[in-house]
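Notebook open; a few points to look up in this structure.

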Amino acid sequence: MKKNVLTASLEDYLETIYHIIEDKQAARVKEIAKRLEVNNSSVTGALKSLAKKGYLNYAPYDVITLTEAGEKTALDVIRRHEILKKFILEILCIDDVDQADEAACRMEHAVTPEVLERIVRFVEFAEICPRSGEEWVKGFRRFCENDFSMEECHQGAEKCIGNIKNYVEACSMLTKESTSLATAQKGAKARLISVSSNKKGIGAKLSALGVTPGSLFQVEDVNTETGDIDVGVRGYHLTVRKSEAKKITVVFY
């Protein structure tokens with residue numbers, strides 16, 4: 001077994017440590033044990049293993065910090081969790097947030113990068129394609145609740161056929177006017193067209209995260225004073241400065 005291979009349990013430790021540091025600026029054994037509901041000796045053993053693998057800096061009675069590799073891995077686990085949780089809540093129509101959270105936690109350790117990528121793309125497709133969208137997801141909910149009739153399905157198909165021209169226009173990025181992400185408003189959705197940036201700028205940052213042309217931005221918030229934009233994309237939550245947003249060309253939906 002490779003030295004740096006992580007078990008599901010060790011990935012949970014990294015994820016927890018990242019969140020504790022984010023909340024309290026420092027992580028200690030007692031807080032980790034409390035959040036994971038394990039004893040201190042179990043935490044100590046896990047920390048020693050993670051330190052040996054190069055994922056964190058650990059010494060008895062000292063604060064715990066993540067290495068660059070540890071932070072990168074923790075963020076990857078968090079991203080997997082967020083994507084799967086969103087899929088369970090918004091596409092599978094599971095209303096119980098705690099249940100979705102628990103299921104995502106179990107799944108995040110086993111899903112392959114290829115499967116995760118398809119889940120990301122499926123969620124994006126369901127959110128913007130007029131043949132699916134909110135009504136389509138509601139139809140699936142009714143189907144799960146045994147409250148869905150074939151007559152309703154046929155009516156939907158007839159409506160789709162009757163408006164096929166509109167659907168084609170709505171699905172084509174070419175029929176929409178591209179603009180800067182800097183013009184975004186809270187709650188907007190936009191697909192990435194291109195990024196005008198040097199190799200060390202926002203373009204390189206997005207590329208490193210796998211955010212390529214076609215990726216879907218969800219605008220979570222816009223700072224009215226600075227113009228900085230909080231976005232969700234491919235399971236990541238990023239703050240894009242106004243100067244960076246001006247370099248990002250998108251199409252809004």
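Is Gly 232 buried or exposed? I am working from a predicted model. I read a relative accessibility of 8% for Gly 232, and because buried means under 20%, Gly 232 counts as buried.

Next I looked up its place in the fold. Gly 232 lies in strand E6, residues 229–233. Leaving aside residues up to four places away in sequence, I listed what Gly 232 touches: Leu 216, Phe 217, Gln 218, Glu 220 and His 237.

Then the strand pairing. Strand E5, residues 216–222, pairs with E6 in the antiparallel sense over four bridges. I noted that Val 219 has Val 231 of E6 as its bridge partner.

Last, a helix pair. I found H1 (residues 8–24) and H2 (residues 29–36) packed at an angle of about 120 degrees, their axes 10 Å apart. The crossing of H1 and H2 is right-handed. On the H1 side the contact is made by Asp 12, Tyr 13, Thr 16, Ile 17, His 19, Ile 20, Asp 23 and Lys 24, and on the H2 side by Glu 31, Ile 32, Arg 35 and Leu 36. I sorted the contact of H1 with H2 by class: five nonpolar, two polar and five charged residues.

Definitions and conventions. Residues are numbered from 1 along each chain as its sequence is written. This is a predicted model: local features need pLDDT of at least 70, side-chain atom pairs count only at pLDDT 80 or more; totals for chains, interfaces and linings use all residues. Side-chain values use heavy atoms; hydrogens and water are left out. Axes are lines fitted to C-alpha atoms, for helices over the stretch in contact, and angles run from 0 to 180 degrees between N-to-C directions. Helices (H or I, at least four residues) and strands (E, at least two) are DSSP runs, numbered from the N terminus. A crossing is left-handed if the near helix is turned anticlockwise from the far one by less than a right angle, and right-handed if clockwise. Contact means heavy atoms within 4.5 Å. Ala, Val, Leu, Ile, Met, Phe, Trp, Tyr, Cys and Pro count as nonpolar, Asp, Glu, Lys and Arg as charged, and the others, Gly among them, as polar. Buried means under 20% relative accessible area, exposed over 50%, partly exposed in between (1.4 Å probe, protein chains only). Two strands pair if DSSP finds at least two bridges between them.
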